[in-house]
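Here's a quick tour for anyone opening this one up for the first time. Have a look at the structure, then read on.

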Amino acid sequence: MTSQKTAGAAELHARMRQTAPLVQCITNYVAMNVAANVLLAAGASPAMVHAEEEAGEFARIAGALTVNIGTLSPGWVGGMKTAIAGAMAAGRPWVLDPVAHFATGYRRRVAAELLALRPTVVRGNASEIIALDGGVSAGQGADAGDPVEQAEEAARRLSRAHGAVVAVTGPVDFVTDGRRAARISGGSALMPKVTALGCSLTCLVGAFTAVAPDAPFEATVAALATFAAAGEAADQGAGGPGSFAVRFLDALHGLDSQALEVGERIRPA
Ligand SMILES: Nc1ncnc2c1ncn2[C@@H]1O[C@H](COP(=O)(O)OP(=O)(O)OP(=O)(O)O)[C@@H](O)[C@H]1O
Ligand SMILES: Cc1ncsc1CCO
Ligand SMILES: [Mg+2]
């Protein structure tokens with residue numbers, strides 16, 4: 001077998017845009033519209049399909065599945081599990097976003113059940129990743145209360161324990177597959193002031209894994225670098241969270257693939 005060089009972030013971005021992968025996003029009520037617009041602007045094709053009656057069937061035709069527990073309820077959890085089974089039966093990657101899973105017993109239980117189903121990638125903020133590893137986090141709800149650096153060891157342990165790529169986002173993002181790790185810088189301090197950008201990023205990680213199913217680490221790095229580059233561009237001239245949100249969609253739409261790899265944006269860790 002010949003060994004193939006793994007594609008870089010810019011190349012994966014160009015591939016994602018050329019192929020517009022269909023991504024099944026099971027996300028929360030807050031994020032559904034935001035995430036669909038983010039995926040369209042970035043070049044992917046989102047579909048918000050969550051009903052238990054159809055989620056598994058749909059997962060077999062989508063390029064990837066993303067599952068976010070932000071506004072979970074029993075019917076939705078049934079849809080999530082059916083979709084995960086469908087995606088796995090079809091050999092498709094799936095991404096878990098454990099929003100505020102530490103906040104209540106129900107959330108904790110559901111997050112643990114989903115984690116046991118072996119996600120390809122887990123993407124969360126620092127508080128979510130620390131708590132998923134069994135640590136005590138300062139998070140209270142959907143917003144992070146801990147620095148990314150404090151979650152790095154937890155991310156490495158989780159990755160090894162579950163065989164998943166783990167991404168921790170914040171001012172500088174951290175990604176690991178248990179063996180390799182990278183840090184991604186850029187973005188804007190206005191990003192955590194706009195709701196559901198993290199949830200939307202999880203959906204975009206799905207889009208990149210759809211075009212690189214055998215390279216989830218590289219796909220996740222590329223998705224994070226896309227947000228870092230577009231966030232940096234949108235920050236220029238933004239007056240606050242409102243104008244930033246509009247500029248961010250425009251920046252995703254107009255993004256030059258090479259911007260993902262400029263300077264020290266992606267560094268090995
Ligand atoms: N202070 C910051 N400076 C630059 N970029 C940031 C900053 N904080 C977050 N980001 C970026 O914002 C995006 C969302 O990450 P964040 O960690 O805020 O997600 P989250 O807490 O899960 O969000 P949500 O739950 O509201 O969807 C990522 O691309 C991250 O790099
Ligand atoms: C604000 C909020 N509440 C539950 S999910 C969500 C979106 C950000 O995670
Ligand atoms: Mg989140």
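Let's start with a pair of helices: α1 (residues 9–19) and α8 pack at an angle of about 90 degrees, with their axes 9 Å apart. That makes α1 roughly perpendicular to α8, because angles of 65 to 115 degrees get that label, while under 35 counts as roughly parallel, over 145 as roughly antiparallel and the rest as oblique. Axes here are lines fitted to C-alpha atoms, for helices over the stretch in contact, and angles run from 0 to 180 degrees between N-to-C directions. Helices (H or I, at least four residues) and strands (E, at least two) are DSSP runs, numbered from the N terminus.

Keep in mind that this is a predicted model, where local features need pLDDT of at least 70, side-chain atom pairs count only at pLDDT 80 or more, and totals for chains, interfaces and linings use all residues. Residues are numbered from 1 along each chain as its sequence is written, and chains are lettered from A and ligands numbered from 1 in the order in which they are written.

**Helix against helix**

- On the α1 side, Leu12, Arg15, Met16 and Thr19 meet Ala207, Phe208 and Val211 of α8; being in contact means that C-beta atoms, placed from the backbone, lie within 7 Å.
- That contact of α1 with α8 divides into 5 nonpolar residues, 1 polar and 1 charged. Ala, Val, Leu, Ile, Met, Phe, Trp, Tyr, Cys and Pro count as nonpolar, Asp, Glu, Lys and Arg as charged, and the others, Gly among them, as polar.
- α8 also packs against α9, at an angle of about 135 degrees and with the axes 8 Å apart. That makes α8 oblique to α9.
- Leu201, Leu204, Val205, Phe208 and Thr209 are what α8 brings to α9, which answers with Pro216, Ala219, Thr220, Ala222, Ala223, Thr226 and Phe227.
- Helix α3 (residues 52–59) and helix α4 (residues 74–89) meet at about 20 degrees, with their axes 7 Å apart. They are therefore roughly parallel to each other.
- α3 uses Glu52, Ala55, Gly56, Glu57 and Ala59 here, and the α4 residues include Gly75, Gly78 and Gly79. The contact of α3 with α4 splits into 5 nonpolar, 6 polar and 2 charged residues.

**The sheet**

- There's an open sheet of 9 strands, in the order β2-β1-β3-β4-β5-β6-β7-β8-β9 and with mixed pairing; strands pair if DSSP finds at least two bridges between them.
- Its edge strands are β2 (45–47) and β9 (266–268), each pairing on one side only.
- From one strand to the next, the twist averages 20 degrees.
- β3 (residues 64–68) and β4 (residues 94–97) pair in the parallel sense over 4 bridges.
- Helix α2 (residues 32–42) lies across β1 (22–26) and β2, and runs at about 160 degrees to β2.

**Around the ligands**

- Ligand 1 is surrounded by 22 residues, the closest being Asn125, Thr169, Gly187, Met191 and Gly198; a residue is near a molecule if its C-beta atom, placed from the backbone, lies within 6 Å of it.
- α8 (197–211) and α9 (216–235) each supply at least two residues of that shell, and α8 gives the most, with 4 residues.
- By type, the shell around ligand 1 has 12 nonpolar, 8 polar and 2 charged residues.
- Ligand 2 has residues including Asn28, Thr71, Ala142 and Cys199 around it. Its shell divides into 6 nonpolar, 4 polar and no charged residues.

Methods: Contact = placed C-beta atoms within 7 Å.
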